[in-house]
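Colleague: I would like to learn how to read a model like this one, feature by feature. Please give me the general idea each time, and then the case at hand.

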Amino acid sequence: MALAGGTAVSQGLIIVSSPLLTRLYTPADFGILAVYASILGIFSVIASLRYEFAIPIADNDSDATNLLALSFVLVALFSLFVTAVVVLWGKSLAAWGNVAQMEPYLWLIPVGILAIGILQAVNYWYTRQKSFSHLGIAKTLQSASQVFLQAAAGLGSLGAVGLVAGHALGRAAAAVYLLKRLKVKPKRISLGALQYVAYRYRKFPLYTAWASLINVVGTQAPAIMFTKLFSPEAAGLFSLTVRILSLPAALIGQAIGQAIYPRLAERDRGDGDASRMIGDTAIVLVMIAFPIFAFIGAFGPPIFATLFGNEWRQAGLYARYMSPWLFLAFVSSPLSMFVFVKEKQGVAFALTLYETTLRLGSIWLGKLLGSPGWSVGLYSIAGTIISFIYLVWVFYLADLSVMKWLEKYKLYFASMLGVLAITIILSAKGGVVAISISLVLLSVHMWLAIRRYGRVFYG
């Protein structure tokens with residue numbers, strides 16, 4: 001609960017601060033931040049070669065201690081390597097990536113990698129020790145430090161460097177907090193022990209690191225591509241849209257996925273009635289997701305302009321394009337936990353590889369068609385296809401017929417289409433009245449659906 005509370009507070013701080021920060025910084029500034037965060041996201045996967053993943057499952061505390069030390073060493077060496085790259089070729093790389101204005105503070109990249117690498121390693125150590133209260137505090141400290149520094153820098157008109165420095169120093173603050181409270185026995189660390197754990201847990205760098213890299217490239221590379229192919233402004237608009245629209249999945253969908261994972265495993269091993277749970281969970285997710293993404297899809301531009309400032313209206317249009325994809329992703333992502341229950345990680349990896357290729361290819365195709373709007377639209381179509389495939393596959397693994405599931409809830413889906421049609425008509429009229437009527441209509445529809453299918457929620 002402490003970790004969940006810390007995560008909720010952390011996310012809440014980011015959400016609450018967004019309307020302020022979007023008025024202190026331009027979309028181009030947020031584009032620079034998106035590129036910086038994407039670079040860290042990709043490099044942090046390979047900085048410690050994923051040895052930190054082995055810390056919670058190590059055979060004993062001695063192995064865990066040496067895995068923690070090994071992770072620190074690898075992160076430090078990788079950070080030094082990146083520092084050398086920045087010193088030697090930083091200016092050329094910034095120009096190539098269409099972010100020449102980022103050159104003066106490229107030094108924050110190795111700093112960020114070091115902070116995130118250490119933070120990831122100690123996170124898994126505290127997870128092994130079940131010290132979740134410290135992790136919750138660290139998450140809150142990270143977001144609070146980041147928001148405070150970014151807001152202060154924005155009020156001082158420092159530009160993109162304020163966003164980037166706040167991002168790096170927020171993670172550094174969390175890492176320092178956890179390091180100060182770290183309880184390990186240094187005498188357990190030795191060169192021989194480091195060599196032993198490096199070999200004993202070699203599958204993590206050999207397999208897990210590369211699988212994680214492919215997965216993270218699919219989510220992090222788009223911001224870099226938008227900057228390279230179009231502009232930092234396009235990347236900023238895109239990244240803010242994805243961040244805001246991903247919040248329902250992060251706050252609700254992830255919690256549902258974690259809750260049903262052990263229960264699905266129990267049912268699959270026991271009476272084999274996992275199919276009913278998959279079907280019931282799927283309709284719950286649809287009922288939650290529909291009003292959220294229907295409303296954003298219909299009124300994205302005015303909502304974003306009101307919340308974040310008029311120069312972010314284009315991000316609202318991107319939100320409209322991406323709503324169908326994120327609606328399906330909201331439903332399919334928590335259910336994808338069943339893939340691990342059925343031990344189909346190999347097929348899942350192949351799908352991830354296909355998804356990454358399709359997504360990045362869609363952005364490139366949008367460039368050929370001449371606008372970032374095309375890239376966003378095609379990116380959304382690619383995501384919609386993958387989410388649909390994943391959903392159908394999960395139903396297949398659960399031996400659940402999609403057609404029978406649709407038939408079972410046909411009244412709900414019919415009403416959903418009717419409400420969607422009315423919402424679209426109202427969006428064409430525009431104005432505060434249309435937005436208000438749509439919001440009430442979608443809320444009432446969700447309430448009636450919950451009453452009608454209450455047994456799904458409450459058993």
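Modeller: Start with burial. A residue is called buried under 20% relative accessible area, exposed over 50% and partly exposed in between, with a 1.4 Å probe and protein chains only. S145 has a relative accessibility of 17%, so it counts as buried. Before going on, note that this is a predicted model: local features need pLDDT of at least 70 and side-chain atom pairs count only at pLDDT 80 or more, while totals for chains, interfaces and linings use all residues. Residues are numbered from 1 along each chain as its sequence is written, and side-chain values use heavy atoms, with hydrogens and water left out.

Colleague: Where does S145 lie?

Modeller: Helices here are DSSP runs (H or I, at least four residues), numbered from the N terminus. S145 belongs to helix 5, residues 132-155.

Colleague: Which residues is S145 in contact with, leaving aside its neighbours within four places in sequence?

Modeller: Contact means heavy atoms within 4.5 Å. On that basis, and with neighbours within four places in sequence left aside, S145 touches G170 and A173. There is also a polar contact to consider, that is, a pair of N or O atoms within 3.5 Å; within protein, one must be able to donate a hydrogen and the other to accept it, and residues adjacent in sequence count only if both atoms are side-chain atoms. A polar atom of the S145 side chain lies 2.8 Å from the backbone oxygen of L141.

Colleague: What is found in the loops on either side of helix 5?

Modeller: Look at phi. K130, in the loop between helix 4 (108-128) and helix 5, has a positive phi near 60° and is a residue other than glycine. S157 sits in the loop between helix 5 and helix 6 (160-180), and its phi is also positive, about 55°, although it is not a glycine. K130 counts as exposed because its relative accessibility is 63%; S157 is exposed, with a relative accessible area of 65%.

Colleague: How do I check the length of a helix, say helix 14?

Modeller: The expected span is 1.5 Å times one less than the number of residues. Helix 14 has 25 residues and should therefore span 36 Å; its end C-alpha atoms are 36 Å apart, which agrees. Just after helix 14, G370 takes a positive phi of about 105°.

Colleague: What do the buried residues of helix 14 pack against?

Modeller: They pack against helix 8 (203-229), helix 12 (313-335), helix 13 (337-341) and helix 15 (372-397). Among these buried residues are A348, L351, L360, S362 and I363. Take S362, which is in helix 14 (residues 345-369). Its relative accessible area is 6%, so S362 is buried. Neighbours within four places in sequence aside, S362 is in contact with S375, L378, Y379 and A382.

Colleague: How many salt bridges does the structure hold?

Modeller: A salt bridge is a side-chain nitrogen of Lys or Arg within 4 Å of a carboxyl oxygen of Asp or Glu. The structure holds seven. One of them joins E355 and R359, with the closest N and O atoms 2.8 Å apart. Both residues lie in helix 14, four residues apart, or about one turn of the helix. Are E355 and R359 buried or exposed? Both are buried.

Colleague: Which residues do salt bridges with shared partners join into one network?

Modeller: R276, D280 and K408. R276 and D280 meet through their side chains at 3.8 Å, N to O. They are four residues apart in helix 11 (residues 274-308), so about one helical turn separates them. K408 forms a salt bridge with D280, the closest N and O atoms being 3.9 Å apart. That pair links distant parts of the chain, since K408 is in helix 16 (residues 402-408) and D280 in helix 11, 128 residues apart.

Colleague: Why is D280 classed as buried?

Modeller: D280 counts as buried because its relative accessibility is 12%. R276, at 46%, counts as partly exposed, and K408, at 45%, is also partly exposed.

Key:
Helices (H or I, at least four residues) and strands (E, at least two) are DSSP runs, numbered from the N terminus.
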